[in-house]
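Subject: Handover of a structure for your study

Dear colleague,

Please find below the structure that I am passing on to you. My notes follow it, and I would ask you to read them with the structure open.

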Amino acid sequence: MKSLTVRIRHARDLRAMSYRAVYPADSSSFPIRVEDPTGGVLSEGVAGEYEPLLLTFADPESHEVLYVKLLSPNGRSVVQRVHYGPSTDALVQFVIGSADVPDWARWASPRVASKLVQSSEISSSARGAISRFRNVWVKLWRFDEGSWRQVAIAPSEKEAIASAKQIELNLQEGSHLLQLGSASLPWFFVALPARGVCRVLLTPQRVMSTQDIPLQVVLTSSRPEAETLLEFLSRDELGAAGSIATYLLERKYEDPTSAIAGAYYLLRSGGWREIPIWWFDNLYASFPWSSDAALILLVVSLRRGLTLTSEIETAYQMLSEVLTRGLPMFAEAHRLMLEASTVLDQARRAPEDEGGAAMTVRLLAPEGLEATLATYAALAAARAEMGSAFAFYGDFPDRPSANRQTGAAPERCDSPEAGENDFEPLQTASLELGFTSSGNARRARARRVSRKTATLLKDL
Amino acid sequence: MTTVFEAKGLVGRRTHVLIIGVGKYTYGIGGADQKPETFGLMQLTSPPVSAKALIAWFLGPQFEPQRPGFSNPSAPLASLEALISEDGPVRVEIPGGERELDPAKAANVKTAFNRWRARVQADQGSTAILYFCGHGQSTGRQYAFFEDVLEQDGREFENGFDVEATLYSLRTVAQDSQIHFWIDSCREVSAAMLLQPDACPRPLFSASLIRPVIAKAMSLLYAAGAGQIAFSKEGQVSRFTTALIKSLSGCAGTRRSGAPIWEVKPGELGRAVGLLLDAENRTAARRQSSASTTDAECDSIVEMTQAPTATVSLDLVPEHLRANSEVFLRGQTGLITRHCGNGPVSVDVPKGYYDIGARSTAAAFADKLLQGEDIVPPVYAHTFEVV
């Protein structure tokens, strides 16, 4: 019998002794995979700074040399070799990040594609310098009483190094969006965590795929395991996500982020079949402001099959409720919104010889369904890739657009009935979809009502 | 005829494949019956070639067991339906002869799809694979177009199918099955389709809301990211399908724990295809990135008894130190040493962990060693910088 202990240590400046009280979110756990020299997986688990992973191997002959792989949510992996020799015990330690990353940015190190570096290591004109984005404008939006309103950005903390900028926001309960754009950066929205302190780190992104936005927005509400799980799901890394999910599901959900992350994993992994429906009902009821919670319950209901007409009616109502709660927080919702809207849309269109009850379904579909489906379609077409965060392109929160518009921050021209300081949403906006409207949009006397302007990144 | 292959007498989990390749668009630009409004749909030369390449890959071992191609003793190939549209009759080689395929017109596809679906439904726990190569457009939902798209005025997009809706419907009728869709088409957002949702193609099969999901797992692998374009060279197998076949042939293989079996699962397949496309992006004029999503842990699509091999390319700089230098690689194949006086050295080795290094036979520089490098197909390259 041989044993292996895997430890995680977060590189930090030991002079900052109080860092943990201030920045607890950098103590995340990571999936660990132990492989033999041919790449065969011998064991998997999760290691954290305060919970090392302990493994034993029953067949010592063939495990003279092992490879221990740490899977990072940024898509990279780090490997260490273990050579037992005459010993039967081995210890592997992974050091996350580097000591020269400031404490406030340490939480983001495993999640960003580029290296976070101090001023001395980078010139302001370099590709990895955040100053390249100094003229990016930023807006904060809050979903309030059924519509999106721009609110002032009032960071409680601001930090910066050459390659990154971070703001800390204290958010009320409910749906929030951060919008960014510039003359060269397409206007996009990123959903923020639900409530409480949210840290937003902005750093240049090495463009790897055709879908990447050159400015990476990384978010945390100090729920490291849940956030790591969601990052792996967004990368379609179900194996790595599974290790973290097992770890997470063994603990109680006391906050919405962890509960919703767990539920999203159950829906991806097939685990939803083993969970009683009341668990998802509770999730929905416990977080009445959460669009994600409504979406999760809707998809579970659809996957279980709807046998009663009342269930079908409820499903169509919930399709709308997902949007009346604001917007989801996590990218995983894009998949589920597509699934729910597709299934419910097709059910009413199916020929009688295929789907059977299409006529019944058509009768049960509520008024306004077309507009709801159009909004779902618009969000799907406007989808932006920003890690585990729900993100989409567009000029206003209620006007997701497949077009990647650039330029100065848009200002809404709207009816004179709109409030002095707010933006009244366009009722038919979701039908415009970034293309020429069919002409149904309200043709009110346009008047600029904006009183709030965007903030430039350099001023944050 | 669309049934290219059908094996009788197999028991246990089986694999059923449907391949659709559309290069000819009768009503598109340059088509025999071009419509005034074509929505930019032109004739394509790659999809028939790509579809034939994938058919040949699936059938390879059916001609002779050593020929490269689909292998999965846990879920052997039980059937293959194929439809290809190009100018003139389409013939493919099958064990014992040739078969002329039906064109990928909507009615033919629907018939073939229903035959394929019936087999999948009848085979509890089967693996179902649908491959499409041809024109596609998106409204957020993905649509794929058959040869006779644009035929109906006012319902121009009817002769195609809604990819996601078809997949979601199949989940409700294929007990314990694992359903994989590989879609090699563009995913640009279509303004015309967005503004006319009723004109969009329907799924090849519609499910009722009453039915629960009973399939075990599903995966969806797209040749392009949302809103993006897929590419190919004129008359050649497309970039995505090339990467797909390479990945299925071993690049995406991982060793099953405790067994000398290398298996390709959907998650690894998606990652391998993405990496191969990324590698090509370094030199290609236009970038292409795939997108994949997997629901639930799947069984293997392919199983092999031989480890996939990677080409390891080692070099050292500055060049003037190459003359009396050697690079080495140490791992499951033992120690392999090569002089590098003539430039980069290439060695094919089985996937796995290796120590790699460089040393000077004239003590011109200090030895270099990288321990435990994870060598993953298709290519691993490293240049030692020695001073």
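I begin with one link between the chains: Arg335(A) and Asp295(B) form a salt bridge through their side chains, at 2.4 Å from N to O. A salt bridge here is a side-chain nitrogen of Lys or Arg within 4 Å of a carboxyl oxygen of Asp or Glu.

Before going further, please note that this is a predicted model, in which local features need pLDDT of at least 70 and side-chain atom pairs count only at pLDDT 80 or more, while totals for chains, interfaces and linings use all residues. Residues are numbered from 1 along each chain as its sequence is written, chains are lettered from A and ligands numbered from 1 in the order in which they are written, and side-chain values use heavy atoms, with hydrogens and water left out.

The interface

Between chain A and chain B there are 10 salt bridges. On the side of chain A that touches chain B, helix α8 (residues 332-349) of chain A gives the most, with 11 residues. Helices (H or I, at least four residues) and strands (E, at least two) are DSSP runs, numbered from the N terminus.

Chain A brings 60 residues to the contact and chain B brings 55 residues, where contact means heavy atoms within 4.5 Å. The size of an interface is often given as the accessible area lost when the parts come together. The area buried between chain A and chain B is about 4700 Å², with 49% from carbon and sulfur atoms; buried area is the accessible area (1.4 Å probe) that two parts lose on being put together, summed over both.

Two sheets of chain B

An open sheet of 7 strands in chain B has the order β1-β3-β2-β6-β10-β11-β14, with mixed pairing. Two strands pair if DSSP finds at least two bridges between them. Strands β1 (3-6) and β14 (291-295) of chain B are at the edges with a single partner strand each, so one side of each has no neighbour in the sheet. Within this sheet, β6 (residues 127-133) and β10 (residues 178-184) of chain B run parallel and are joined by 7 bridges. Phe132(B) stands opposite Ile183(B) in β10(B).

Another open sheet of chain B has 4 strands in the order β18-β17-β20-β21, with antiparallel pairing. Its edge strands are β18 (334-339) and β21 (368-375) of chain B, each pairing on one side only. Strands β17 (residues 325-331) and β20 (residues 352-360) of chain B are antiparallel and share 6 bridges; Phe328(B) has Gly357(B) in β20(B) as its bridge partner.

Backbone details

Most residues other than glycine have a negative phi, and most peptide bonds are trans. Omega is about 5° for the Val317(B)-Pro318(B) bond and about 5° for the Pro377(B)-Pro378(B) bond. In chain A, Glu145(A) has a positive phi, near 50°; Glu145(A) sits in the loop between β8 (137-144) and β9 (147-151) of chain A.

Yours sincerely
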